[in-house]
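Good morning, colleagues. Please look at the chain on the screen while I describe its pockets, its cores and a few individual residues.

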Amino acid sequence: MTKENLKGNYVIRFKDGVSTVGKITDVLKSEKGNEYLSVLFNDGTTALFPFPDIADPKFSNAFKFVDDEVKEYVEKLYAEKENIPTNITKSATTSLTTSVVNKDIKRINDLTNGKFIGRNISQKYGNITMDKKLIINYQYGTTAQKIYLECCSVFGFYYSKQGSFAKQKPLFATNCTPDGYDVWMLAHSDVKGDTNKTWWNFIEYNGKRITQYNINPGFNGDNLRLTFVKQANGYYVYLGIYKYVNSYTVEDGNAKYYAYILERVDENDYVRT
């Protein structure tokens with residue numbers, strides 16, 4: 001999206017754990033030639049923000065363009081000049097329309113019922129020992145623990161954490177790398193086409209975002225996560241390094257799901273610094 005067609009779009013601003021709906025009313029230029037987004041928020045206040053390249057991860061961490069279902073509803077509220085809650089949490093944002101909740105529930109149910117056949121997101125094979133790096137969207141083997149152990153040899157990942165990546169283990173551990181990253185290997189997702197019925201993982205926007213629905217509350221989002229996902233052919237693909245950005249809840253009758261959103265922090269391959 002270019003600055004020419006930003007005007008009129010609705011965004012959600014993330015700040016201090018609270019999300020606020022706003023409308024981009026104009027793109028302004030100062031006397032010095034600097035460009036700013038003028039955003040009218042739902043509480044009636046207006047703020048200016050330096051116009052960045054929206055491909056910049058810093059921009060995506062600050063704003064999100066609202067989903068189509070939410071956009072339609074928010075546009076209606078603005079048009080009718082109704083009051084939108086001043087501080088609208090992600091949970092409230094997701095609850096703006098029944099269709100948004102239904103969208104979450106539908107894909108949870110579809111993954112549970114085998115309606116996702118899985119897909120291969122990578123056709124390229126990497127070699128950790130030879131390449132000395134993890135390349136985004138390259139596949140690195142079918143066994144989580146073997147991949148982790150090779151990363152121990154090449155990148156200095158901590159051997160003491162290898163047990164977490166054995167069969168029937170969570171395939172996640174904190175503080176695995178000398179640079180302080182957690183390591184997360186997703187054996188079940190829409191990419192693989194299955195779920196363990198405890199969590200439902202969805203890889204979105206070409207790997208730029210991961211949404212996990214979990215039946216258990218609480219998510220360890222303190223550190224960045226170096227992340228792999230198993231694709232349909234059984235190989236783990238390196239996705240990149242992710243940051244926890246938000247969470248919300250979805251309810252369907254007596255069932256309650258906790259949704260956690262993570263976003264890739266950059267597009268760089270991983271090499272030990």
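I begin with P170, which counts as partly exposed because its relative accessibility is 48%. On the scale used here, buried means under 20% relative accessible area, exposed means over 50%, and partly exposed lies in between, with a 1.4 Å probe and protein chains only. P170 sits in the loop between helix 6 and strand 8 (172-173). Helices (H or I, at least four residues) and strands (E, at least two) are DSSP runs, numbered from the N terminus.

The model is predicted, so local features need pLDDT of at least 70 and side-chain atom pairs count only at pLDDT 80 or more, whereas totals for chains, interfaces and linings use all residues. Residues are numbered from 1 along each chain as its sequence is written, and side-chain values use heavy atoms, with hydrogens and water left out.

Now the chain as a whole. It has 6 helices and 14 strands, and 42% of its 273 residues count as buried. Among contacts with a separation of 6 or more, 52% are between residues 24 or more positions apart; contact means heavy atoms within 4.5 Å.

P170 leads us to the second largest pocket. Which residues lie nearest its centre? They are K169, P170, L171, M185 and A187, out of 28 lining residues. The space in this pocket is about 610 Å³. In terms of method, a pocket is an open set of points on a 1 Å grid over the protein atoms alone, where a 1.4 Å probe fits, with protein on both sides within 12 Å along at least five of seven lines; lining residues have an atom within 4 Å of a point. Grid points are joined across faces, edges and corners, and the volume is the space filled by probe spheres set on the points.

Two or more lining residues come from each of helix 6 (144-155), strand 9 (182-186), strand 10 (199-204), strand 11 (209-214) and strand 12 (225-230). Strand 9 gives the most, with 3 residues. The lining divides into 13 nonpolar, 11 polar and 4 charged residues. Here Ala, Val, Leu, Ile, Met, Phe, Trp, Tyr, Cys and Pro count as nonpolar, Asp, Glu, Lys and Arg as charged, and the others, Gly among them, as polar.

M185 also belongs to the largest nonpolar core. In that core of 26 residues, L134, M185 and L226 touch the most other members. Helix 6, strand 9, strand 12 and strand 13 (236-252) each supply at least two residues, and helix 6 gives the most, with 6. Leaving aside neighbours within four places in sequence, M185 is in contact with A144, I147, Y148, F165, L171, F228 and Y236. There is also a second, separate core of 14 residues, including W184, F219, Y258 and Y260. A nonpolar core is a set of buried Ala, Val, Leu, Ile, Met, Phe, Trp, Tyr and Cys residues joined through side-chain atoms within 4.5 Å. In soluble globular proteins, nonpolar side chains tend to be buried together.

Next, the cysteines. How many disulfides does the structure hold? The number is 0, a disulfide being a pair of cysteine sulfur atoms within 2.5 Å.

Two residues deserve a check of their backbone angles. Most residues other than glycine have a negative phi. N137, although not a glycine, has a positive phi of about 70°; its place is in the loop between helix 5 (128-131) and strand 7 (138-139), and it is partly exposed, at 30%. K197, also not a glycine, has a positive phi of about 65°. K197 lies in the loop between strand 9 and strand 10 and counts as exposed because its relative accessibility is 53%.

V21, in strand 2 (residues 18-29), counts as buried at 1% relative accessibility. Its C-alpha atom is 9.5 Å from that of V39, 18 residues apart along the chain. N246, in strand 13, counts as buried at 10%. The C-alpha atoms of N246 and G221 are separated by 9.4 Å, with the two residues 25 apart along the chain.
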